[in-house]
Amino acid sequence: MNPQRYEEAPACYHGYLDILTSDDALSELRRSAAITEALFLRIPNEQQDFAYAANKWTVKQVIQHIIDCERVYAYRALRLSRFDSTELPGFDSILYVDRLNTASLNLEALIKEYIATRQSTIALFSGMQPDMLKFGAIVNGGYCTARACGLIAAGHNLHHLSVLESLYLITPPQQQPNSQS
């Protein structure tokens, strides 16, 4: 992978970039969407309000966090892709989750919201030309390009899937045994 992508995003997002398999924001958004939808559909209804420890988010809160952050990353990408060099501030993603009553939300509705949000992000990136993807400005205290916003959205999403799988015990689908004669 191209180390240039690390120059296109603030250091606080480099861990998300490390998760990705390519430097193509659109393909990473599509790839992570497919992985995410498959995992979300495996979440048992009885586990939607589960938190693996005291003072940790529930499964629904993690999903809402992914959605909220994606919307912010897409907004940043929109601004940058339109050659807007106005500095963009950071945001308190923990406050977003803490201020929302996810207990009243339905898991199925959250999954639909995720799908709609990701489809919107993919549509946004589908229309970006190379010069739009390369445009950057100061975002959250560091230089960031529109392309990096898409990569960050995909990497952030995959990071939280890993957390769901490892700490919330949402297991991957069982492998089918080889049926060789």
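**Group meeting: aromatic rings, a helix pair and the core**

Let me start with one residue. Tyr13 has a relative accessibility of 7%, so Tyr13 counts as buried. Bear in mind that this is a predicted model.

Stay with the rings. How many aromatic pairs does a search of the whole structure find? The search finds 8. A pair of aromatic rings is described by the distance of the centres and the angle of the planes. Take Tyr13 and Tyr16. Their ring centres are 6.4 Å apart and their planes sit at 35°, so this pair is tilted. Now Phe91 and Tyr96. Here the centres are 5.4 Å apart and the planes are at 50°, so that pair is tilted.

Tyr96 is partly exposed, at 37%. These residues belong to a cluster. Tyr13, Tyr16, Tyr73, Phe91 and Tyr96 form one aromatic cluster.

Tyr73 takes us to the next topic. Tyr73 is one of the α4 residues that meet α8. Helix α4 covers residues 59–81, and helix α8 covers residues 146–167. Their axes come within 8 Å and cross at roughly 170°. Angles over 145 count as roughly antiparallel. So α4 and α8 are roughly antiparallel to each other.

Who is in that contact? On the α4 side, the residues include Val59, Val62, His65, Ile66, Cys69 and Leu80. On the α8 side, they include Ala146, Cys149, Ile152, His156, His160 and Leu164. What is the make-up? The contact divides into 12 nonpolar, 5 polar and 2 charged residues.

Ser93 is found in helix α5, residues 93–98. Ser93 counts as buried, at 18% relative accessibility. Beyond four places away in sequence, Ser93 touches His65 and Cys69. Both of those α4 residues are in the contact with α8.

Now the core. In soluble globular proteins, nonpolar side chains tend to be buried together. In this model, the largest nonpolar core has 49 residues. Which members touch the most others? They are Phe40, Ile63, Phe125, Ile152 and Leu164. Several elements give two or more residues to this core: α2, α3, α4, α6, β1 and α8. The largest share comes from α8, with 11 residues.

Look at Phe40 in detail. Leaving out residues up to four places away in sequence, Phe40 touches Ile63, Ile66, Ile111, Tyr114, Leu161 and Leu164.

Last stop: the stretch around α7. Pro130 lies in helix α7, residues 130–134. Is Pro130 buried or exposed? With a relative accessible area of 52%, Pro130 is exposed. Phe135 lies in the loop between α7 and β1. Phe135 is partly exposed, at 21% relative accessibility.

Pro130 and Arg147 are 17 residues apart in sequence, and 9.0 Å apart in space, C-alpha to C-alpha. Phe135 and Arg147 are 12 residues apart in sequence and 8.2 Å apart in space, again C-alpha to C-alpha.

What does Phe135 touch, not counting residues up to four places away in sequence? The list is Leu80, Phe83, Asp84, Ser85, Tyr143, Cys144, Thr145 and Ala146.

Definitions and conventions: Residues numbered from 1 in each chain as written. Predicted model: local features only at pLDDT ≥ 70, side-chain atom pairs only at ≥ 80, totals over all residues. Heavy atoms only, no water. Phe/Tyr/Trp six-rings, centres within 6.5 Å; stacked < 30°, edge-to-face > 60°. Buried < 20%, exposed > 50% of the residue type's maximum accessible area, 1.4 Å probe, protein only. Axes fitted to C-alpha atoms, helices over the stretch in contact; angles between N-to-C directions. Helix = DSSP H or I, 4+ residues; strand = E, 2+ residues; numbered from the N terminus. Parallel < 35°, antiparallel > 145°, perpendicular 65-115°, else oblique. Contact = heavy atoms within 4.5 Å. Nonpolar A, V, L, I, M, F, W, Y, C, P; charged D, E, K, R; others polar. Core = buried A, V, L, I, M, F, W, Y, C linked by side-chain atoms within 4.5 Å.
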